[in-house]
Amino acid sequence: MRFVTDLNGRITDVSKGTGELLAIDDHRLIGKPLAAYVVGDGRRDFRALLLDLSRGVGPVGTLLRLQRRDGVQVEVEVEAVSDASGTRLEWLFATDGPDVEEETVTENAGLGPRPMRRLLARLPLGVVSVDQDLVVDYVNPAARVFLGGVPLGHVLPDVLPGFSLRTYASRLFTPAPPPKRVVETARGRLLELEGVVGGHDSALLLLYDVTAEERRRRAEQDFVTNAAHELRTPIAAIAGALDALQAGADDATADRELFLGHIRRESDRLARLVAALLLLARIQTGQDTPSLELVQIAPVLDDVATALEPREGVGVHVDCDARVAALADVDLLRQAVWNVAANAAKHTDEGEIRLVGRDLGRVAEIEVRDTGSGMSEETLGRAHDRFYRAQRGPGDGFGLGLPISIAIAGALGGKLIVESELGAGTRVRVHLPSARVVA
């Protein structure tokens, strides 16, 4: 029985016949909060489970007691994972009573009696057992969540795009079994696939969810590659200018000044890039713990506005009550706001840039809003990526400003929110723990 909910636990989809668990028609479940069917104190555990899943922790196994519409209570085993998109949750329910599919597990599967199968059902890794003919004789709940429909008693289906699960399984019965592989599901989840031979006539497919780890590894690899590329550009420019000077350009005063100007400009660019990389590294590795203190927001916004160099005709306005304050590190906060405001100045040809500070109660909000070119949906989706730039050219920067601001906001116990529409400007909000200045 399979439910799909949003991150708040509201049901958005169910598999056919799932409503029988709660004595209600399938279609009547849509839109209802799943927590409404959880009995008593179990709702606290359910909310904790929701919170874990919304943070990307999973799969998670637990026991819940549900109240059916007819008043009967039923205890169920729950396996749940967050969807790869990060916008919904997938739930798999198994009642404590007889399970027809599990009872069809063959002795050849080597999975032992029902207590062993119950243990496998609670594991966070997927387990699929096949015989030598690749007929599936066991699938645990986590594997069903990962792979979708894998029917018992049928040949193992190929349900992974661009990868043959059946071919991989068949090679387990050869003298040269295949090594571990990282595969991607149709929904974008990354799984580490490992095969274990259980004998001459059975094998297990083990599926580990490595989505977060693999994406982090790939991001770090991309970071190193992109950093090397960005460093190469100013270094090559400096080397070219030095070659020209050594070739005789220093004999002419005008040429010498031109190439010395190139060297100075690219050296400054190189220094800014190294400083940005070091700042990002320190924040993300936690090497420098921010020193939190009461910081008045208005002076920070005034400093940033004064230092901005907007295009001619673009106004810069600050709107912040003197009592608005946050618990923050003033230098880090100034850097975060500066990065956002500098981006706004770069992409605003007319209109205004407005820096606003607000006290929202437990949260202090800093908003940087512009009337610039805005971002397309694709660009907005990648704006958080390090080194990403929608347009590349001289003076475009390194694509590190927004990622650094996001990292700073997180290090200060807050968050950064970006809203933008192509042709309609951009709005960036920084939320931080609030403090109050008593006049």
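Which residues are linked in a network of salt bridges? They are Arg 358, Glu 365, Glu 367, Arg 369, Glu 419, Arg 427 and Arg 429. A salt bridge here is a side-chain nitrogen of Lys or Arg within 4 Å of a carboxyl oxygen of Asp or Glu. Before going on, a word on the model: it is predicted, so to speak of a local feature takes a pLDDT of at least 70, side-chain atom pairs count only at pLDDT 80 or more, and totals for chains, interfaces and linings use all residues. Residues are numbered from 1 along each chain as its sequence is written, and side-chain values use heavy atoms, with hydrogens and water left out.

Back to the network. One of its pairs is Glu 419 with Arg 427, a salt bridge whose closest N and O atoms are 3.2 Å apart. Glu 419 is partly exposed, at a relative accessible area of 33%, and Arg 427 is partly exposed too, at 27%. (Buried means under 20% relative accessible area, exposed over 50%, and partly exposed in between, with a 1.4 Å probe and protein chains only.)

By the salt-bridge rule, the count comes to twelve. Among them is Arg 189 with Asp 209, where the closest N and O atoms are 2.6 Å apart. This pair ties together distant parts of the chain, 20 residues apart: Arg 189 sits in the loop between strand E8 (181-184) and strand E9 (190-199), while Asp 209 belongs to strand E10 (residues 202-209). Helices (H or I, at least four residues) and strands (E, at least two) are DSSP runs, numbered from the N terminus. Arg 189 is buried, with a relative accessible area of 9%, and Asp 209 counts as buried at 19%.

Now for some helix packing. The axes of H10 (residues 330-346) and H12 (residues 401-411) come within 9 Å and cross at roughly 150°. Those axes are lines fitted to C-alpha atoms over the stretch in contact, and the angles run from 0 to 180 degrees between N-to-C directions. On the H10 side, the contact (heavy atoms within 4.5 Å) includes Leu 332, Leu 333 and Val 340, and on the H12 side it includes Leu 402, Ile 404 and Ile 408.

Last stop, the surface. Leu 292, Leu 294 and Leu 327 form a nonpolar patch there, with about 260 Å² of accessible area together. Patch residues have over 30% relative accessible area and no salt bridge; like charges are joined within 9 Å, and nonpolar side chains (Val, Leu, Ile, Met, Phe, Trp, Tyr) within 5 Å. Accessible areas come from the Shrake-Rupley method with a 1.4 Å probe, and for residues only the protein chains shown count as cover. Leu 294 lies in strand E11 (residues 293-296) and is partly exposed, at 44%.
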